[in-house]
Protein chains: 2
Amino acid sequence: MFNAITVIGCGLIGSSLLRAIDKNNLANQIKTFDKSKSVSTYLSKNFSFKVCDSISESVKDSDLVIISTPLSSYKEVLKEIKSNLKKDAILTDTGSVKKPINKEVLDLKLKDINWISSHPIAGTEYSGPEHGFSELFKDRWCIVSFEENIPHDKIQKLKNFWLKLGCKVKEMTFEDHDYVLSLTSHLPHAIAYSIVRTSVSNEKKFKKDVIQYSAGGLRDFTRIAASDPLMWKDIFIDNSENLLKAIDNYTENLNDLKKAIKNKDTKKLLKIFSSTKDVRKEIIEAGQDTEKPDFGRK
Amino acid sequence: MFNAITVIGCGLIGSSLLRAIDKNNLANQIKTFDKSKSVSTYLSKNFSFKVCDSISESVKDSDLVIISTPLSSYKEVLKEIKSNLKKDAILTDTGSVKKPINKEVLDLKLKDINWISSHPIAGTEYSGPEHGFSELFKDRWCIVSFEENIPHDKIQKLKNFWLKLGCKVKEMTFEDHDYVLSLTSHLPHAIAYSIVRTSVSNEKKFKKDVIQYSAGGLRDFTRIAASDPLMWKDIFIDNSENLLKAIDNYTENLNDLKKAIKNKDTKKLLKIFSSTKDVRKEIIEAGQDTEKPDFGRK
């Protein structure tokens, strides 16, 4: 499908991409670069992809270049690769924030390069190439964003790439992507970090108890709050405008609930609880989760 | 093990108890009462337990009486059964808040009755007897609380009952129970309700998107926010003192995070994220969740 593909940055996502590209035979040549020596050694030992020593060499002659590093490294990565990109190549990424990244790329005024941003909404709470797996993208959404001047056939080519990895693909503007993700992913993470911090800031006497009895709800938040710190620091900073607004709206809702608890306002409490119950139904209908009860898991 | 056991209230927990008592042969006679006609009909049709028409009759001659109704019904239930309880019987419950319930029972000045409160930390996001199952209590914690004057052999008898259902049993004071659960369960629920409300209070244009891409974090909160509204309204009101304090501490932590995002304080963000990552490890070590990555689930 592509003659050569380069993946830059080989954490959970990048290494899963390499595995999936290989498994699905999507390129004649697969090349990769990671600035960490231990990651490069791990990849050379375990896979047959070409692990490059130089980032600028790694993108030469590649028809598709995928940046899979933390967001804060994009600037440096782009600077290193920009003069070596093949004419007419597709340049994409896997980052969780789009608007500021798009600006970074546009500022470079790349010529004859098709910048089409991607965000495969996939991941686990583990990081590093040893946790990657080729099925990570199966049945997951991948959002693609691009400027109006990008040729249709290039967009279709990248969409087909994600479809072959098992993704469902959706087009969205850079701005809409950042707004929607601030609600579905970034706000939940901000909240999870805060509740886990609250629960363990305790007298020593209770610390063990809180861990011991976490199955009543807290457990589900700790999973989210265990995500990669380096990645999430970048996301929070790059999408800060949407995220701060979302936190403010959320705080208003929490204060509303607090007032209802304080006033023992049962009617109001029931109204709040019933409205959120309906959302669950819609999520299951949209195929985004299963009906299987989860609280009883070990 | 018991001659007769009565379960009052047959939702998810009550009906699971009936199934588990039956399966494990823990009583010669199993009796039950539910004030809902449709629930009683469902039970009569599907099981061989004695489904009683009268709540006061249902507890007669029972050695173990378990109240499994919503917390707000306890007062009425206790009033109906108190004069018919068998001498020396064990009276317990399955409620999620303990201190106010204990006060309700003590105020009745029951004579020759062993009130030992239970809280099996088990459940799913579904309610109603059709969702109950006998294995619900397996490997779950059950917290028992009691006053100092309760005979040791009665406590041991009730603890053995829960052990036979597969629970791990822990003694805790009524007060400590309510404090620990406010952090591990009640605060997470308050937060989940608020975030789901925030995410869907949106322009129509984005409502569908938020549901569609909920797998990035939001999904996990909607599961918690789909719990039974009637049950949770009672819990929030009965444990309001601990819960309101927990919400305040939590809001402080969230504001601290907000400040770090606003100031693009990467050092502070990394510190927050790393501390919550460690909690996850402790929870897995305590056997309260599995290591298996969960974000990739469909």
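Predicted model: local features only at pLDDT ≥ 70, side-chain atom pairs only at ≥ 80, totals over all residues.
Two strands count as paired when DSSP finds at least two bridges between them.

**Figure 1. Chain A at a glance.** The secondary structure of chain A comes to 12 helices and 8 strands. Along the principal axes, the C-alpha atoms of this chain fill a box of roughly 65 × 40 × 35 Å. Of the 298 residues in chain A, 52% are buried. If we take the contacts in chain A between residues at least 6 apart in sequence, 75% of them join residues at least 24 apart.

**Figure 2. The open sheet of chain A.** Follow the order β3-β2-β1-β4-β5-β6-β7-β8 to trace the 8 strands of this open sheet in chain A, where the pairing is mixed. The edges belong to β3 (50-51) and β8 (168-171) of chain A, each of which pairs on one side only. Helix α1(A) packs on the sheet and touches β1, β2 and β4 of chain A. The direction of α1(A) makes about 165° with that of β2(A).

**Figure 3. Strand β1 of chain A and its two partners.** Is strand β1 (residues 2-8) of chain A enclosed or open? Since 5 of its 7 residues are buried, the strand is largely enclosed by the rest of the structure. With strand β2 (residues 27-33) of chain A, β1(A) runs parallel, and 6 bridges join the two. As a landmark in this pairing, look for A:Ala4, whose bridge partner in β2(A) is A:Gln29. Strand β4 (residues 64-67) of chain A also pairs with β1(A) in the parallel sense, over 4 bridges. Here A:Val7 has A:Ile66 of β4(A) as its bridge partner, while A:Ile5 stands opposite A:Leu64 in β4(A).

**Figure 4. A β-α-β unit in chain A.** Which elements make up this unit? They are β1(A), helix α1 (residues 12-23) of chain A and β2(A), and the unit is right-handed.

**Figure 5. Where chain A meets chain B.** The contact draws 89 residues from chain A and 88 residues from chain B. On the side of chain A that touches chain B, at least two residues come from each of α7 (174-200), α8 (204-212), α9 (218-224), α10 (229-238), α11 (240-262) and α12 (266-285) of chain A. Which helix gives the largest share of that side? It is α7(A), with 19 residues. Sorted by class, the side of chain A that touches chain B holds 48 nonpolar, 23 polar and 18 charged residues.

**Figure 6. Two copies, one rotation.** Two copies of a chain are related by a rotation about an axis and a shift along it. In this model, chain A superposes on chain B through a rotation of 180° with 0.0 Å of shift along its axis (RMSD 0.0 Å). The two copies are therefore related as by a two-fold rotation axis. Both copies use the same surface, and 99% of the contact residues of chain A recur in chain B.

**Figure 7. Helix α10 of chain B and its surroundings.** In helix α10 (residues 229-238) of chain B, 9 of the 10 residues are buried, so this helix is largely enclosed by the rest of the structure. Among the buried residues of α10(B) are B:Met231, B:Trp232, B:Ile235 and B:Phe236, and B:Lys233, B:Asp234 and B:Asp238 are also on that list. What do they pack against? The buried residues of α10(B) pack against α11 and α12 of chain A, together with α5 (99-107), α7 (174-200) and α11 (240-262) of chain B.

**Figure 8. Strands β6 and β7 in the sheet of chain B.** Chain B has an open sheet of 8 strands in the order β3-β2-β1-β4-β5-β6-β7-β8, with mixed pairing. At its edges stand β3 (50-51) and β8 (168-171) of chain B, each with a single partner strand, so one side of each is left without a neighbour in the sheet. The pair in close-up is strand β6 (residues 114-120) with strand β7 (residues 141-146) of chain B, antiparallel over 5 bridges. Look for B:Ser117, which stands opposite B:Ser145 in β7(B).

**Figure 9. Two loop residues of chain B with positive phi.** B:Asp88 is not a glycine, yet has a positive phi of about 75°. This residue lies in the loop between α4 (74-81) and β5 (90-93) of chain B. Is B:Asp88 buried or exposed? A residue counts as exposed if 12 or fewer other C-beta atoms lie within 10 Å of its own; B:Asp88 has 11 other C-beta atoms within 10 Å, so it is exposed. B:Asp112, in the loop between α5 and β6 of chain B, has a positive phi near 60°. With 9 other C-beta atoms within 10 Å, B:Asp112 is exposed.

Technical notes. Residues numbered from 1 in each chain as written. Chains lettered and ligands numbered in written order. Buried ≥ 20, exposed ≤ 12 C-beta atoms within 10 Å, placed from the backbone. Right-handed = clockwise from strand over helix to strand, strands pointing away. Contact = placed C-beta atoms within 7 Å. Nonpolar A, V, L, I, M, F, W, Y, C, P; charged D, E, K, R; others polar. Least-squares fit on C-alpha atoms with pLDDT ≥ 70 in both. Axes fitted to C-alpha atoms, helices over the stretch in contact; angles between N-to-C directions.
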